[in-house]
Amino acid sequence: MNVNFSADELAFQEEVRTFFREKYPGDLRRKRDHGIELSREDTIRWQKILSEQGWAAVNWPVEYGGTGWSAIQKYIFANEIAEANAPDMVPFGVKMVAPVVYTFGDEAQKSRFLPDILQSNAWWCQGYSEPGSGSDLASLKTRADRDDDHYVVNGTKTWTTLAHLADWIFCLVRTSSDVARRQEGISFLLIDMSTPGVTVKPIITIEGDREVNEVHFDNVRVPIDNLVGEEGKGWTYGKVLLEHERTNLAGVARSKYRMRRLKQKISQPLHGAVPLLNDRIFSRKVAATEIELKALEYTDLRTLAAVAVGKAPGPESSILKIRGTEVQQAIDALFLEAAGYYALPYLPAQYDEDFPVEERLGSVAETKASLQYFNNRKASIYGGSNEIQKNIVAKHVLGL
Amino acid sequence: MDFSISEEQSMLADSVARFIDNDYDFETRQKIAASELGYSKELWQTCAELGWSAVLFDEEDGGLGGGPIELMLMMEQFGRGLVVEPFLANLVLAGGVLRRTASGGQKEQWLTGLIEGNLQAALAFAEPQSRFNVADIATTAVPDGDEFVLNGEKTFVLNGGSADLLIIPARTAGDQSDHDGITLFALPAASDGVSRRGYKSVDGLQAAEITLKEVRVNADSVLGDAGQGLPVLQSVIDEATLAVCAEAVGIMRTMHEKTVEYSKIRMQFGVPIGSFQALQHRMVDTLIACEQTQSLLLWATMLTAADDKGAAQAISALKYQIGTAGLLVAREAVQIHGGMGMTWELDIAHYFKRMTAIELLFGNADHHLDRYVALSN
């Protein structure tokens, strides 16, 4: 056992740091630091830089363009991308649909879809939830009826993050109702968003932003070539995807970065006040969250180490999802509390690109604290709510 | 960065695990705990023969050169077996002081016996007024020729009733909570003026209240530098804290697993109680508590092994976690076992009591959260 990085690991860390210092565009960093959302073009520009470096698909097998990094290298990369305040890859392509395609897809699908995901030529979104199917995902009703060499898709998907920016959607659809178990008869289908009959309607969420959408399918004709794997086996594929997704959802490195920023903030006499760090009750709350985060970091590392010796991320990844999102929300609450009255003005326009930063009321950490706090209530709901995660752990880990 | 353990470390953990499985079932443990001595001389000798008493000491002193990682691996198993043998008192606390301070002659006098298992020792780290502040020492040592005269009271001295050797922190200078002026003495327990009141503790271990009245001790009994005992004491207490936390992780795991198993066989309303979602989610919470605590244990142990400057803070983080997540696991285990969890007959109750004792030992969760904050500023 050794807690310190080896010489090789230190060299790798330096390489990654140098990359972020030299290749992460200053205008994007400025936007991120000032709380301005990146546009689709910004995001793609950055993802292509990562792709050129060969670092877009950290977890993929090397043969498809992955990095082949060790668990510790992945950990170092995650820390450095967070420390640079650079955005992660949009997950739906590279982290979610791609593992399903390279694990269960045929050769034609691999060569058709993987390079475009790797090079950010195609933007993906996820079609799982439906208005009537949230936690009970297997009750989904979107139908795909076979018509010669096409499926005809009808139904509605919802909570579809960034669907308004996406080129493609991967969907769980019902291809057969004549089944013994509801989990059977579900298929994994890839749908071009520009196909006639696909409409996207915005959903404005609690903080006032458009992040998610409803996606309607009205007699959408999808070639049967876009079916991944076997018809009726989509549930199994979808579960693999969700296990990958859950480990991604822990967000440890981002939480570490935010925790450091919080501690910087509260060590200063903001607006002439006594630094909040001197408040025993508040500093104990910060400490308790920091300890939980440290535990999570090592739980994540232990999971990564297990994956490195060939174990797939199993139901244990649910633990990371539960605790990771709880810690994120605890940090959100600390920022909110630290901001005091400055968390309350609702001024979304001052985070528009053309709003002069010097005319803003409060700092990003203050006036965006409430919006972040509101928005991130989603974390314990998405990716399978934390209660569903507990059901999964109870069944598959504890054997109950 | 590497989480794997060496082959030797793995063999050590296996050998302790086998001992727990084969020679230390709950019934045996209960008999030993209830005996007058409170530990088994025979098993203590076995510990020495298997080399466990030697693990933490340097090879040149007759030890095996192990450190925090070996300590963690052993203590987790001791936790699982709810071991009452005085490993902590002898080898981590008293042995820890000797390891850090003893001169050649003192090692010859005390260390060999400790490693061979024929000397019992104790470190008197607490006083009636001190609570969790190890610097709060009212016991005085006044020089008189080539002797010191000790006066004071020591409380909850683990293994104090059985010990042949007492290690006494006493004040040779300064005020009651000053960091300077604390001196450590190696005092034969049979010395004139030492009176001991031994008792069992709620968790089945044994301890003593010790009163020192005009106790005369030779100047060559001073361990380390006179007046500079606090850093040694703090370092030993930190290592002991790490040790009981590792023990607690072994206990938490065991309580969690036993609870899950029990919930599968305990039938109510015609079904196993483990089929109720209200209980399932709580057992998932205890699993998460176990995993998170195991992670902090790993972190704190690795930092301690690397002699990292953040080690003390990490140990406080871990002890806080034991006092929160650890106690959650313990309480839930009793609750889900229902009435059976309340019985003296079932091991769950005794694991619960040990967890309760560990929470109060070397500072509770509140104390360690404050210390964590203080060490981060």
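Modeller: Ground rule before we start: two residues are in contact if their C-beta atoms, placed from the backbone, lie within 7 Å.

Biologist: Fine. What is Ala300(B) in contact with, leaving aside its neighbours within four places in sequence?

Modeller: Leu242(B), Ala314(B), Ile315(B), Ala317(B) and Leu318(B). This is a predicted model, where local features need pLDDT of at least 70 and side-chain atom pairs count only at pLDDT 80 or more, while totals for chains, interfaces and linings use all residues. Residues are numbered from 1 along each chain as its sequence is written, with chains lettered from A and ligands numbered from 1 in the order in which they are written.

Biologist: How many residues are in the largest nonpolar core?

Modeller: It has 217 residues. Ala300(B) is among those with the most contacts inside it, as are Ile169(A) and Phe185(B). Such a core is a set of buried Ala, Val, Leu, Ile, Met, Phe, Trp, Tyr and Cys residues joined through C-beta atoms within 7 Å. Buried means 20 or more other C-beta atoms within 10 Å of the residue's own; exposed means 12 or fewer, partly exposed in between, with C-beta atoms placed from the backbone.

Biologist: Which helix gives the most to this core?

Modeller: H7 of chain B, residues 229-265, with 17 residues. Helices here are DSSP runs (H or I, at least four residues), numbered from the N terminus.

Biologist: At what angle do H7(B) and H9(B) pack?

Modeller: About 25 degrees, with axes 9 Å apart. H9(B) covers residues 311-337. Axes are lines fitted to C-alpha atoms over the stretch in contact, and angles run from 0 to 180 degrees between N-to-C directions. The two helices are therefore roughly parallel, a label for angles under 35 degrees.

Biologist: And which residues meet there?

Modeller: Leu242(B), Cys245(B) and Met252(B) are among those from H7(B). Ile315(B), Leu318(B) and Ile322(B) are among those from H9(B).

Biologist: New topic. How many residues does the contact take from each chain?

Modeller: 34 from chain B and 28 from chain A. H8(B) gives the most to chain B's side, with 15 residues.

Biologist: Which phi does Leu82(B) have, positive or negative?

Modeller: Positive, about 55 degrees, although it is not a glycine. Most residues other than glycine have a negative phi. Leu82(B) lies in the loop between H4 (68-81) and H5 (87-101) of chain B.

Biologist: Is Leu82(B) buried or exposed?

Modeller: Leu82(B) is buried, because 23 other C-beta atoms lie within 10 Å.

Biologist: What about Asn85(A)?

Modeller: Asn85(A) has a positive phi of about 50 degrees and is not a glycine. Asn85(A) is partly exposed, with 16 other C-beta atoms within 10 Å.

Key. Parallel < 35°, antiparallel > 145°, perpendicular 65-115°, else oblique.
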